[in-house]
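You asked for comments on the salt bridges in this model. Please read the points below with the structure open.

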Amino acid sequence: MPTADSILSHSPDLASIEAVTSPVTSDVVVVGIVADAAAEGEKDAAAAPVVVAPGLDGEATWALSTLARSVGASTKVGSTTRVPASAGVPGDSVVLVGLGASDDERTDEVLRRAAGAAARACRGLGSALVLLDAERAEAVALGAGLGSFTPAKVTAKDEKDDDDAAAPDTLRVFVGESGSDAVARAATIAECVGLARDLVNTPPNLLFPGSFADRAASLASEAGLEVEVLDETALAEGGFGGILAVGGGSARGPRLVRLTHRGGEGRPRVALVGKGVTFDTGGISIKPAAGMEQMTMDMGGAAAVVATVILAARLDLDLNIVATVPMAENMPSATAYRPGDVLTMYGGTTVEVQNTDAEGRLILADAIVRACEDSPSHLIETATLTGAQMVALGTRTPGVMGSEDFRDRVAELSRDVGENGWAMPLPEELRDGLDSEVADLTNVTPHRWGGMLSAGLFLNEFVAEGVEWAHIDIAGPAYNSGGAEGYLPKGATGVPVRTMLAVLEDIAAAG
């Protein structure tokens, strides 16, 4: 585990993932179990599991099925039971992982969730052979990789001095005669999602605008991206009134980071924007103390955007991407912005501040205008924007707003990859609530109705005409405050990196 001095340079703690074309001997073997169709209608149907284990012969599979029934192993998706290996199984023990009912459609998301849960169950056991579905190796490998993630813990003891530190576990994913490329791709995606998770989990005294910008720049340079960082002096010269106001109450000045991936001349140009509030007290409109410690995750959108553009470079996506990432710390002080202030945003729009805790939309507005100056065809923007997202959709379902056709496509792709985005409207009747008597706009409406949608309407004011735009509100989905489940750990989730990758690949394929 990293010390405080090294946590910002810490690589995500994930298992090493390998593709194998035959069941090789490993310390533990993962197989799936489904409810016995013959027991359908019986009260104990779930207690009559049948093993799904491509690569094992029939006798070994039958023996494992008998063992699974004898211990009452659950077939619920993601449930795990560890048992001794029976004859013909190339390992010392077996992790049985539930895949649901035998007659259910076994979706990629079921495989991801099951593989993730199995990888967590195998953590610390050495090498694991994963036998779940040789035809859909990417889903299995991605779930396993995401599930193997261990959050970094700041410790006084350096990793290299820790005699108890074990070598990283190895996950060997059975792919039959093909699928090695799919496993390598999954490993790359898992590593970049892990990067986003690590950034969000980093304590705010260590990850603040300056250190976040430095880390993003270092990672981007390693990936071959072009890097531009604007400090508070450059932001003031450029007129970035929203970022400067939100960051003005902190002793640690704001930043704007721009990361560029060049996919080729004449290819589509896509803008990414992510909210990077490294800690949010609410400012003068201060938040309640209870739960404020979780506001270290208010830069989840920025972390996802940084990870996504690095992932695009590593996968060599054939399109041009510019990530514009505003970073600020929202603190109360003598220099903090106030309710009643009027800000001049980048581009000239004026905004009356009525609540300093509606700060994310202010830094995003500056970044959106700057991003649109590059004349992108599409703009994908994400943030832990509103508590209203969780009121409307819960903690696992991002709200997607924006240009209707593009919004719907983003939401569909998000569901395809298991991140569950849901399209939300931008009702005209809510727009009047953003009118101000002293400025062009206010940053909040005078009522509590449709808070997520009102925030989307505010952001829409800054999107250039003709740009296809989607905002992904991840206030709940970016952080899992409950227990680990499937491939989701406790803490940062890395949502919506996989959604943005799917959208970028969709645009590249169409362009």
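The numbered points that follow concern the salt bridges of a predicted model.

1. Across the whole structure, the search returns 27 salt bridges.

2. Arg262 pairs with Glu226, with 2.6 Å between the closest N and O atoms. Arg262 sits in the loop between β9 (255–261) and β10 (269–274), and Glu226 belongs to strand β8 (residues 226–230), so the contact ties together parts that are 36 residues apart in sequence. Arg262 has a relative accessible area of 56% and is therefore exposed, the cut-off being over 50%. Glu226, at 39%, is partly exposed.

3. A salt bridge also links Glu485 and Arg396, whose closest N and O atoms are 3.4 Å apart. Both residues are in loops: Glu485 between β20 (479–480) and β21 (491–492), Arg396 between α10 (387–393) and β16 (399–402). The pair therefore ties together parts that are 89 residues apart in sequence. Glu485 is partly exposed at 43% relative accessible area, and Arg396 is partly exposed at 35%.

4. Arg409 and Glu412 form a salt bridge with an N to O distance of 3.0 Å. The two lie three residues apart in helix α11 (residues 404–416), which means that about one helical turn separates them. Relative accessible area is 29% for Arg409, which is partly exposed; Glu412 is partly exposed as well, at 36%.

Conventions
Residues numbered from 1 in each chain as written. Predicted model: local features only at pLDDT ≥ 70, side-chain atom pairs only at ≥ 80, totals over all residues. Heavy atoms only, no water. Salt bridge = Lys/Arg side-chain N within 4 Å of Asp/Glu carboxyl O. Helix = DSSP H or I, 4+ residues; strand = E, 2+ residues; numbered from the N terminus. Buried < 20%, exposed > 50% of the residue type's maximum accessible area, 1.4 Å probe, protein only.
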